[in-house]
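Good morning, colleagues. Please look at the display.

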Amino acid sequence: MNKVDIAMATFNGEKFIREQIASIERQTYSNWQLFISDDGSTDNTVKIIKELANKNERITLVNTERQGGVVENFNKALSATEAEYVVLSDQDDIWPEERLARLVETIEKYKNQHSNKSLLVFTDLEVIDKNGNIKESSFYQANNIEPYENMRGNNLLWRSSVYGCTTIVNRKLLDRALPIPQNALMHDQWLALHASQENGLYYFDYCSIKYRQHDNNVTGGSKKNLLEKLKSFPKSYKVINKDISKTKKNMVEYNYLYKNGRGKISTRKDFIIFAFNEVFPHIFKGSKKMYSFFAFLSFVLAK
């Protein structure tokens with residue numbers, strides 16, 4: 001039984017942290033270690049974690065100082081892991097008892113087929129409310145998301161639906177992708193893009209967590225409307241170009257340069273050409289009015 005490390009990021013999670021950790025302790029797969037980084041909570045989260053860690057040596061609190069957000073907080077937790085397989089965890093969900101066993105079995109299947117690949121396996125989510133009542137039996141079905149289609153590079157960049165709390169990754173991926181840069185939009189999208197570059201991104205059709213939606217979610221899986229997408233578009237553009245200049249491994253450059261042979265994105269003109277050819281057709285799927293409207297606004301906004 002291979003050891004599995006669990007990286008959990010917490011912040012003011014006193015309401016649900018006990019229930020989440022209890023569900024981890026009930027796992028049928030017993031060879032795990034939980035590493036928790038807390039982002040400077042001002043409630044009783046740290047006190048609760050320390051209490052639980054004193055009772056279970058497999059729980060380790062690795063940080064209590066402010067990191068400045070989800071990405072940096074997960075960086076801290078992930079940097080403490082050493083195992084071949086690592087699972088990401090939020091602070092307020094509930095895990096089915098067989099979750100770890102099924103995730104490990106699945107990623108090992110892909111590792112046996114592709115021993116040198118960076119691997120990430122993600123799953124569906126069952127949505128629950130703050131009291132644990134089921135709201136949706138499938139997050140993807142409820143939000144009309146096709147996970148296989150969303151694994152394509154351009155969709156991953158624009159509207160990634162790979163949620164970190166469902167994932168298991170291998171050490172090769174972490175060695176390649178860490179540390180996650182501060183300007184990354186989200187940690188899970190960053191990891192998924194890197195896995196995708198090696199064709200190591202896989203969807204496992206299984207609801208691996210009960211995903212709790214409540215008023216204090218730090219991040220959520222809600223759909224963005226058009227206005228929200230417009231607001232985030234200039235930021236995405238800046239992040240894309242900054243990542244290209246820093247790492248030369250960003251997924252946009254991979255699609256644009258290596259697959260299409262058109263050269264990297266370095267100017268606004270390049271970006272608009274890329275958007276016309278690679279992004280907009282997949283978003284609007286035949287809606288010429290929306291295509292034209294968004295293309296015009298992107299040209300104005302992407303500075």
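Predicted model: local features only at pLDDT ≥ 70, side-chain atom pairs only at ≥ 80, totals over all residues.

Leu-120 belongs to the largest nonpolar core, which has 64 residues, and together with Leu-34 it touches the most other members. Which element supplies the largest share of this core? The answer is strand S8, residues 201-212, with 7 residues.

Let me turn to strand S1, residues 4-10. Is this strand buried or exposed? Of its 7 residues, 7 are buried, so the strand is largely enclosed by the rest of the structure.

What pairs with S1? Strand S2, residues 32-38, runs parallel to S1, and 7 bridges connect the two. Within that pairing, Met-8 has Ile-36 as its bridge partner in S2. Between the two strands the chain passes through helix H1, residues 17-25, and this β-α-β crossover is right-handed. S1 also runs parallel to strand S4, residues 85-89, to which 5 bridges join it. Met-8 takes part there as well, with Ser-89 as its bridge partner in S4.

I now come to the charged pairs. How many salt bridges does a search of the whole structure find? It finds 8, and I shall discuss several of them.

In one of these, the side chains of Arg-66 and Asp-39 meet, with an N to O distance of 2.7 Å. The two residues are 27 apart in the chain: Arg-66 sits in the loop between strand S3 (59-63) and helix H3 (70-79), and Asp-39 in the loop between S2 and helix H2 (45-55). Their surroundings are unlike in accessibility. Arg-66 has a relative accessible area of 53% and is exposed, since the exposed class begins over 50%. Asp-39, at 4%, is buried, because buried means under 20%.

Another salt bridge brings together the side chains of Lys-111 and Glu-84, at 3.3 Å from N to O. This pair, too, links distant parts of the chain, 27 residues apart: Lys-111 in helix H4, residues 99-113, and Glu-84 in the loop between H3 and S4. Lys-111 is partly exposed at 26% relative accessibility, and Glu-84 is partly exposed at 29%.

The next pair is Arg-176 and Glu-198, whose closest N and O atoms are 2.5 Å apart in a salt bridge. Arg-176 lies in helix H8, residues 171-177, and Glu-198 in the loop between helix H9 (187-197) and S8, so the pair ties together parts 22 residues apart in sequence. Arg-176 is partly exposed, with a relative accessible area of 24%, and Glu-198 is partly exposed at 22%.

Finally, which residues are linked in a network of salt bridges? They are Arg-18, Glu-51 and Lys-55. Thank you for your attention.

Notes: Residues numbered from 1 in each chain as written. Heavy atoms only, no water. Buried < 20%, exposed > 50% of the residue type's maximum accessible area, 1.4 Å probe, protein only. Helix = DSSP H or I, 4+ residues; strand = E, 2+ residues; numbered from the N terminus. Pairing = 2+ DSSP bridges. Right-handed = clockwise from strand over helix to strand, strands pointing away. Core = buried A, V, L, I, M, F, W, Y, C linked by side-chain atoms within 4.5 Å. Salt bridge = Lys/Arg side-chain N within 4 Å of Asp/Glu carboxyl O.
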